[in-house]
Amino acid sequence: MLLLAALVAPAAAADDGYRLDTMDRLRVRVAEWQSAEGALRDWTTLNGDYAVGPSGDISMPFVGQLAARGRTTAELASAIGEQLQQKLGLPDRPEASVEIAEFRPIFIAGDVQTPGKYPYDPQLTVLKALSLAGGLRRSESAGLGGPRDFVNAQGNYGVLVAQRDGLLARRARLAAEAQGRSDIQFPDELNKSDGGRKLMNDEKALMAARDKRLRLQLSGLDDLKKLLQSEIESLQQKIATQNRQLDLARNELKSIGNLQQKGLVVNQRILTLEQSNAELEGKILDMETASLRAKQDIAKATQDATSLQNDRETGIAQDRQQTESDLNELNLKMGMYAGLMTEALSRAPQATAGAASPGSTPTVRYRIVRSANGKSAEADAQEDTPVLPGDVVKVEVAAPQADSN
């Protein structure tokens, strides 16, 4: 019963986070902050893509076999860091990040054009999965060709509409970022559906996250510049103090030099003062070098801040250009499928449910087979039912029933 409930409302189960399983591909990166050196060490030997094997484990150097099935990416990342710290005896636990490089595939079977295995994509629905498999299988029967062609074109058109809504939301967010606005002016059509409102909220959250990241990076550079400036001021004060001591030492050496000419001071006293003066001059030179190095670091931090801003603006411009290109391509495809629907209706006016009598159109039935805890269950699904990694989507089309009258 719990598994069947998960098929009907998988969004509720997703609140706990995505759970890994066999055939998931993971991208792992490990880094360690070396507090003694104040530097970040990247563990390039461990970085890379790993596949969750049939046993539900991944195999990593130094770690060995590590259970991944049933864990979230955050839980697996924590386990990797703990294993590395224990096995290598590290004082600090390395930080590991795990992200999904490729979800385990889905499988589409039944009355589809191209049944088989397909890569999973987030926000995949039954209708989108049907589009991946080429739509409903075309029949050589003239009686089914029109209705099935209409359903096929209509399904593909619906997928393109959803993709277009996503691009419209993205374009609005990119325009706001390019203009430096805190609000996003979305098209009114997105606010007319739950899916559109979700896209709007997702883009708002993405923009807020990107802005926060940039602010933190710029703030870190500003703090570094302030710290370096304080160091420069401290060095200047020390240099001034050392210069005063050097002046006093030089005056003392000069006065003793006059006494030496009269034979009142030994040469060892003169030599000691000259060595002291040389040491003071060396310290002053070291401080001036450190001050110069700090000024160079300030200039580099300023340059890094400028580069961050420029890279952000360049990335936004490139994304806007790509989004416009994708929108133009989608509009062309939507026009094509709209024409195909019109052509199918011209051959079979009864293809639409509103114009057809009961039993005169094909009946499309969707079912999802989902595995959990080693057990599989099958349940009915609709076109907007979410599909999860590893699901089997079964499509069945029943032919129109003959009129008994």
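The model is predicted. Strand β1 pairs with two other strands, β3 and β6. The structure holds 24 salt bridges and 2 aromatic pairs.

**Strand β1 and its partners**

- Strand β1 covers residues 25-34, and strand β3 covers residues 48-51.
- These two strands run antiparallel and are joined by 4 bridges.

- E32 is a residue of strand β1.
- Is E32 buried or exposed? Its relative accessible area is 6%, so E32 is buried, the cut-off for that word being under 20%.
- The side chain of E32 makes a polar contact of 3.4 Å with the side chain of W43.

**Salt bridge between R19 and E75**

- Among the 24 salt bridges is the one between R19 and E75, where the closest N and O atoms are 3.1 Å apart.
- R19 sits in the loop between α2 (10-13) and β1, while E75 belongs to helix α3 (residues 73-88), so this pair ties together parts that are 56 residues apart in sequence.
- R19 is partly exposed, at a relative accessible area of 33%.
- E75 is also partly exposed, and its relative accessibility is 36%.

**Salt bridges of R365**

- R365 forms a salt bridge with D380, with 3.3 Å from N to O.
- R365 is in strand β9 (residues 363-372) and D380 is in strand β10 (residues 375-381), so the pair ties together parts that are 15 residues apart in sequence.
- R365 has a relative accessibility of 39%, which counts as partly exposed.
- D380 has a relative accessibility of 46% and is partly exposed too.
- R365 also forms a salt bridge with E396, and there the closest N and O atoms are 4.0 Å apart.
- E396 lies in strand β11 (residues 392-398) and R365 in β9, so this pair ties together parts that are 31 residues apart in sequence.
- E396 is partly exposed at 35% relative accessibility.

**A salt-bridge network**

- Which residues are linked in a network of salt bridges? They are R173, E177, E203, R210, D211 and R312.

**Aromatic pairs**

- A pair of aromatic rings is described by two values, the distance of the centres and the angle of the planes.
- A search of the whole structure gives 2 such pairs.
- For Y18 and F103, the ring centres are 5.1 Å apart and the planes stand at 85°, so the pair is edge-to-face.
- Y18 is in the loop between α2 and β1, and F103 is in the loop between β6 and β7 (106-110), so their contact ties together parts that are 85 residues apart in sequence.
- Y18 is partly exposed, with a relative accessible area of 26%.
- For F103 and Y120, the centres are 5.0 Å apart and the planes stand at 75°, so this pair is edge-to-face.
- Y120 lies in the loop between β8 and α4 and F103 in the loop between β6 and β7, so the pair ties together parts that are 17 residues apart in sequence.
- F103 and Y120 are both buried.
- Through these ring pairs, Y18, F103 and Y120 form a cluster.

**Positive phi angles**

- F62 has a phi near 70°, a positive value in a residue other than glycine.
- Where is F62? F62 is in the loop between β4 (57-60) and β5 (64-67).
- F62 is partly exposed at 48% relative accessibility.
- Q123 is another residue other than glycine with a positive phi, near 65°.
- Q123 is in the loop between β8 (116-118) and α4 (126-132).
- At 49% relative accessibility, Q123 is partly exposed, since exposed means over 50%.

Note on methods
Residues numbered from 1 in each chain as written. Predicted model: local features only at pLDDT ≥ 70, side-chain atom pairs only at ≥ 80, totals over all residues. Heavy atoms only, no water. Pairing = 2+ DSSP bridges. Salt bridge = Lys/Arg side-chain N within 4 Å of Asp/Glu carboxyl O. Buried < 20%, exposed > 50% of the residue type's maximum accessible area, 1.4 Å probe, protein only. Polar contact = N/O pair within 3.5 Å; in protein donor to acceptor, adjacent residues only side chain to side chain. Phe/Tyr/Trp six-rings, centres within 6.5 Å; stacked < 30°, edge-to-face > 60°.
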